[in-house]
Amino acid sequence: MTRSPRTQRIVSVWFPDLAMERWRQMISRYRTAPDEAAPIALTRDGPHGPIIHALNGTALERGIRPLARVVDVQAIHPDLHVEQADPPGDQAFLERLTHWARRWCPWTVSDADNGLILDTTGSAHLFGGETALLRDMIQRFAIQGLTARVAMAPTRGAAQALARYGAASTLCDDTDMAPQLDPLPVNALQLEAETARLLDRLGLKTIGALNAVPRSTLMRRFSGLSADRNPLILLDRTLGRAADPVNAPPDAAYFMARTRLAEPVIDPVPYLDGLAQRLCRDLAQAEQGARHLRLTIYRIDGEWRTVDAATARASRDPAHLVKLFDGKLDSMDPGFGFDLLTLEAGRVEPLCLHQDRLDGTRDANADVAALLDRLTARLGAQKVTWSTWSESHKPEDVETLRPALQTEPSAPLTLTVERPIRLLQPAEEVQVLYAVPEGPPSQFRWRRVVYRMTRYTGPERIAPEWWKDRPGTRLRDYYKVEIEDGRRFWLYRDGVVHDGRGGDPRWFLHGFFA
């Protein structure tokens with residue numbers, strides 16, 4: 001059989017147990033995996049509690065299905081072993097597989113959350129033919145502990161349908177594509193559940209039955225659906241009547257400068273400036289800026305040592321990047337010397353070329369970012385912080401400190417009520433000597449000093465957050481209290497008499513006014 005040289009050859013790789021197999025690989029590193037004979041379920045959060053995300057073979061044999069509520073399944077199967085799923089980790093793993101699969105062809109893309117699409121047109125002969133290519137894929141994925149079903153067809157839709165619903169390692173050509181697809185269920189077209197149920201009620205259970213229906217009838221019935229949901233358009237794409245190209249994502253940019261030395265040396269500092277200049281030159285050509293740097297020295301004994309640095313904003317200023325390593329290289333152990341150094345930008349961001357100000361003034365934001373970089377490099381990321389605001393009625397939760405390199409500063413907070421200029425963290429308990437009924441104490445002792453109140457305002461009641469309310473959490477009544485010498489304090493009474501949430505109310509000093 002002779003095939004046109006322009007015929008596309010698309011491979012679909014489907015991992016039916018990707019989440020479960022990756023989970024077993026992860027836990028095997030630090031603990032013993034449960035027995036495969038026991039039903040195992042991976043769960044994730046649902047709208048009404050945890051739901052089933054993935055199952056092992058034993059659980060599937062018992063009739064347990066994904067998306068079921070965990071509490072309902074455990075009521076029927078009390079021996080179900082439940083573990084937490086990691087969908088973001090699974091997706092990141094699949095993205096790495098997408099680039100790793102380019103060993104077979106230059107065009108690869110992820111398929112939903114458990115598959116890959118490869119455009120192998122013109123590359124099968126490099127692996128001994130199409131059959132050998134599919135066999136090599138299955139074997140290499142099996143080495144990684146992954147069960148893969150593969151199929152090759154002239155279109156993406158046909159390859160997906162055959163990989164999921166056809167025979168194992170199916171090879172499909174232009175001439176036999178329709179006969180191989182006709183017996184498959186309409187779900188093989190990647191239809192939405194509602195559309196698949198409608199076609200099933202109409203008696204259109206297979207792709208062949210759907211293809212036999214007049215096109216005008218299908219178009220009138222599903223004209224309101226988008227192209228990715230319309231069964232007629234999906235059928236045309238599967239059978240090659242409409243284009244469905246594979247738009248593969250580009251490879252991630254990799255920026256690294258290296259220096260090879262004629263003989264081993266001990267001090268990397270003299271070579272750091274040249275590395276930074278070459279790295280920044282490459283970044284400038286790509287209009288990128290570095291956010292994370294890693295300096296690596298390769299010792300002559302086969303070992304290596306690394307030092308990391310980060311920036312608050314994208315930068316490709318060689319002098320600034322070199323300063324980030326001040327004081328850090330002293331702790332590197334060069335051993336008997338090293339003969340290779342590399343400086344790589346592990347994380348980059350777009351940084352367009354920009355013109356300096358015409359008046360000759362400096363960019364204040366750039367100066368602040370450079371200062372944050374140097375302070376963080378010297379003191380550590382957790383020591384250089386700034387305040388961010390959060391929506392909370394509890395005064396102590398309104399302001400939080402976040403690392404300056406990982407967050408942006410918050411906009412100024414606009415308050416509708418007066419708040420102290422300083423809060424005590426945590427609030428300090430005071431002893432009440434005499435309290436005004438349903439009001440603040442006329443006298444109180446704080447840090448062994450007695451204070452007499454002259455006037456006050458309040459109360460301002462702050463209730464606990466209902467979504468975090470716990471048994472024993474009490475209401476707070478805040479008072480602004482002025483003492484004899486004019487100083488003002490912010491006191492609150494923790495609890496109300498006879499509220500059923502503890503004993504007598506307690507008084508606390510929470511802040512100071514100007």
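Here is a short walk through the structure, from the whole chain down to one helix pair.

First, some ground rules: this is a predicted model, where local features need pLDDT of at least 70, side-chain atom pairs count only at pLDDT 80 or more, and totals for chains, interfaces and linings use all residues. Residues are numbered from 1 along each chain as its sequence is written, and side-chain values use heavy atoms, leaving out hydrogens and water.

The protein chain has 15 helices and 20 strands; these are DSSP runs numbered from the N terminus, with helices being H or I of at least four residues and strands being E of at least two. Of its 514 residues, 40% are buried, meaning under 20% relative accessible area with a 1.4 Å probe, protein chains only.

Now find the open sheet of five strands, ordered β5-β6-β1-β7-β8 with mixed pairing. Strands pair if DSSP finds at least two bridges between them. At the edges sit β5 (107–111) and β8 (170–171), each pairing on one side only. Look at β1 (residues 10–14) and β6 (residues 115–119): they run antiparallel, joined by five bridges. Val-11, for instance, has Leu-118 in β6 as its bridge partner.

Next, helix α1 (residues 18–27) packs against α4 at an angle of about 95°, with axes 10 Å apart. Axes are lines fitted to C-alpha atoms, for helices over the stretch in contact, and angles run from 0 to 180 degrees between N-to-C directions. The two helices are therefore roughly perpendicular, a label for angles of 65 to 115 degrees. Touching here (heavy atoms within 4.5 Å) are Leu-18, Ala-19 and Arg-22 of α1 and Gly-89, Asp-90, Phe-93 and Leu-94 of α4.

Terms used
Buried means under 20% relative accessible area, exposed over 50%, partly exposed in between (1.4 Å probe, protein chains only). Angles under 35 degrees count as roughly parallel, over 145 as roughly antiparallel, 65 to 115 as roughly perpendicular and the rest as oblique.
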